[in-house]
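Visitor: I would like to learn how to read a few local features of a protein model. Please show me the structure and take them one at a time.

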Amino acid sequence: MGNEAADMIKISVRNLVEFILRSGDLDNRTGGRRDTDAMQEGSRIHRKIQKQMGSNYSAEFPLSITVPVTREGIEFELCVEGRADGIINQPEETPSVIIDEIKGVYMELSHLEAPVAVHRAQAMCYAYIYSKLYEHEEIGIRLTYCNLETEVMKYFDENFTFTELETWFMNLTREYGKWAVWQLGWAKIRNESIKTLDFPFAYRMGQKELVTDVYKTIIRDKRLFIEAPTGVGKTISTVYPTIKAMGEGLVSKIFYLTAKTITRTVAEETIQKLVEKGLHMKSVTITAKEKICVLDKPDCNPVSCQRAKGHYDRVNDAVYDLLTKENEISRDLIHSYAQKHMVCPFEMCLDVTTWADNIICDYNYAFDPNVYLRRFFLGDKKNDYVFLIDEAHNLVDRAREMYSAVLYKEQFLKVKRIIKTQNGALSNPYNTPKLEKRLEVCNSDLLKLKRECENCKVIDNITDFVLHLMRLMTEYEEYLTGYKDSEGKEEILSLYMDIRHFLNIYEIYNEKYLTYTDYDDQGEFRIKLLCMDPSDNLNACLDKGKSAVFFSATLLPIQYYKEQLGGREGDYAVYAPSPFLKENRLLMIGSDVSTKYTRRNNEEFEKITEYIAAFTNARKGNYMVFFPSYQMLNQIAELAKDRLNGLVIQKNNMTELEKEEFLEDFTTEPDTSRIGFCVMGGIFSEGIDLKNDRLIGTVIVGTGLPMIGNEKELFRSFYDERNGRGFDYAYLYQGMNKVLQSAGRVIRTMEDKGAILLLDERFRQPQYTGLFPREWFPNLLVNVKSMEAELTNFWNQMDL
């Protein structure tokens, strides 16, 4: 929960009080009101209130205290630190100093009869620290709650003597003591094991330099972007030096961030390999709630799930039990201890991350404003975290989506109808017509925008709509105060959360955003705050840590990814050389075929089919053919079904079991050929590892360019105006990334041999060849006949 240096533990005021003082049930029925803060710290309302205060008000006042703690015979120092929202100095009054804690909320303040316990505790911590440092015998605290829509404020004032606060604070730190003692003891065990930890493999070509680059990046507090072809050993080359830096006290926590389950598995296996070499490390993987929940469908409240009842009363004991008895923390162990203590396994897993050395998880948990791990990233404090970001090419689109927000007109009508049926029902005493009215106002705003939108329209100003949304949120909070359960629960809470996200994104809206309206594929009207460039938002997250390493086999052009992913002047970029022999790969470009929309006809499809048949007939084995869409895949499959033996086709929305069965057909030493038709950018074009002769060739049909659509065209216009490279940013880079990923399924080990065929004459153009990785040179331009000759020669050479 903090950084350890010698015998000192650091922890923030907020984390301390939330960890020790939490209690009660898990309950999703109040739509997020358990966390009464509606906005992040440092939001607009904080700044506005602070600016309105007089000269006797000190805003964002840093406070820190280090106290000696003795627990279980072990002495250590506990540093508690934070930033008080405000200090009110009133020398002529008693008390002469008041600690101000500001909270922005959507709820109607008449329902708030007392301050939230953890808010009060935060203010009390700051009051103790301030009175200790500045020798005050008496001090006051004030909880300032402000409605974000009306800006009406409500105050709760309370005075304390220094003795009262000291007794309370020492009890708080004493309770935390057992966790701190465990943390110090574990850190010593871990660091001793790291000292003697050697790299677990013989270094491949360029790998030792890569390990050194990562280590230097960390000690210099920089960010590193690595284009590392398959076979370099990206995972171990980034994890190992980061762990070594942790052993030297430079790193307090590692976040291994991924986009897909398969890369999380690789990270787990890498840590396990180091554990087998003597490493002691607490590593935990965050599993999605839907996958780890004990219910068929997550419904976190004491009515639907017995574990939710009193969850917060028991979860700390569950976590402590696990940490003190187990070293390797698996998903099964989380389940086992959660069952033993009758707590939610997902929430328990999140609490385990507080104490873990390494966290393997999806990008969302570090970057997404809806689900990021607040315990690590809330506030402005910089920590000694290192972010290892795997398959980093995926983060650009993922980040743009995380920092965008959309609302559908139909949502408002649907919830309005649901609310209307509840009017006067005993299940909710709140007067629902007020909420109906606010929903109708927002619906009318959207109806007006809809009438002005034929296809897609950029909107310059939505201030009135946002104001109406804020008024709606106040009524929503009123409704949820009395709401427990009813028909339409999911729709009601879903719209609430979508509006809250929309308003939060509007808070950070700047020149790197566009607002537009259009219609989805089903004809539903929507309004979207579209993030055009996520670099500022990612930077805000990355700045909470010490260093970040972005790595991928397809991070080209690297300057584009540096720009989009928060690279700063002075950050590093390296191109790791491929360790594979060039002679083991044959790369060809079909020079007389195209998948341009204007050329998609039977004649062109026949030519593509002819290429595929000749390519796969050259040698018995396993092949994959990647298409730009399911439509083209099916069209070519119809032509090829009688010409290709062993044809298997990727279906849309395959289950995990169907995916596994599909890949099981790609066996070693096959008796007959197996030819898989797949989609570029799909589940088989990235993250699968068919080694040796489980895959000996791939055909890439087309350049992978995304379909033209409203958003893509908005990106094109935005970047044309910004740097004249709209087509590249909107289409080319994303398309070529799919091509590179698909081609990367061949040649996975030093022993692998394989052929790659690119089918589109555009691959000859400089804008495409300029994005080829170094190991793709030299390459051959072929037609069907010359390709057959090249393949015959290549496979004969491989058989020598």
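Visitor: Where is L695 placed?

Guide: Helices (H or I, at least four residues) and strands (E, at least two) are DSSP runs, numbered from the N terminus. L695 sits in the loop between β22 (674-679) and β23 (697-701). This is a predicted model, in which local features need pLDDT of at least 70 and side-chain atom pairs count only at pLDDT 80 or more, while totals for chains, interfaces and linings use all residues. Residues are numbered from 1 along each chain as its sequence is written, and side-chain values use heavy atoms, with hydrogens and water left out.

Visitor: Is L695 buried or exposed?

Guide: Buried means under 20% relative accessible area, exposed over 50%, and partly exposed in between (1.4 Å probe, protein chains only). L695 counts as buried because its relative accessibility is 1%.

Visitor: Which residues does L695 touch?

Guide: Contact means heavy atoms within 4.5 Å. Not counting residues up to four places away in sequence, L695 touches N622, Y623, M624, F666, L690, R745 and V746.

Visitor: How are two packed helices described?

Guide: By the angle between their axes and the distance between the axes. Axes are lines fitted to C-alpha atoms, for helices over the stretch in contact, and angles run from 0 to 180 degrees between N-to-C directions. Here, the axes of α9 (residues 311-325) and α11 (residues 345-353) come within 10 Å and cross at roughly 55 degrees.

Visitor: What is the orientation of α9 and α11 to each other?

Guide: Angles under 35 degrees count as roughly parallel, over 145 as roughly antiparallel, 65 to 115 as roughly perpendicular and the rest as oblique. α9 and α11 are therefore oblique to each other.

Visitor: Which residues meet between α9 and α11?

Guide: H311, Y312, V315, A318, V319 and L322 in α9 meet E347, M348, D351 and V352 in α11.

Visitor: What about backbone features, such as the peptide bond from T94 to P95: cis or trans?

Guide: That bond, from T94 to P95, is cis, with omega near -5 degrees. P95 lies in the loop between β4 (74-89) and β5 (97-105). The peptide bond from L556 to P557 is cis too, with omega near -5 degrees.
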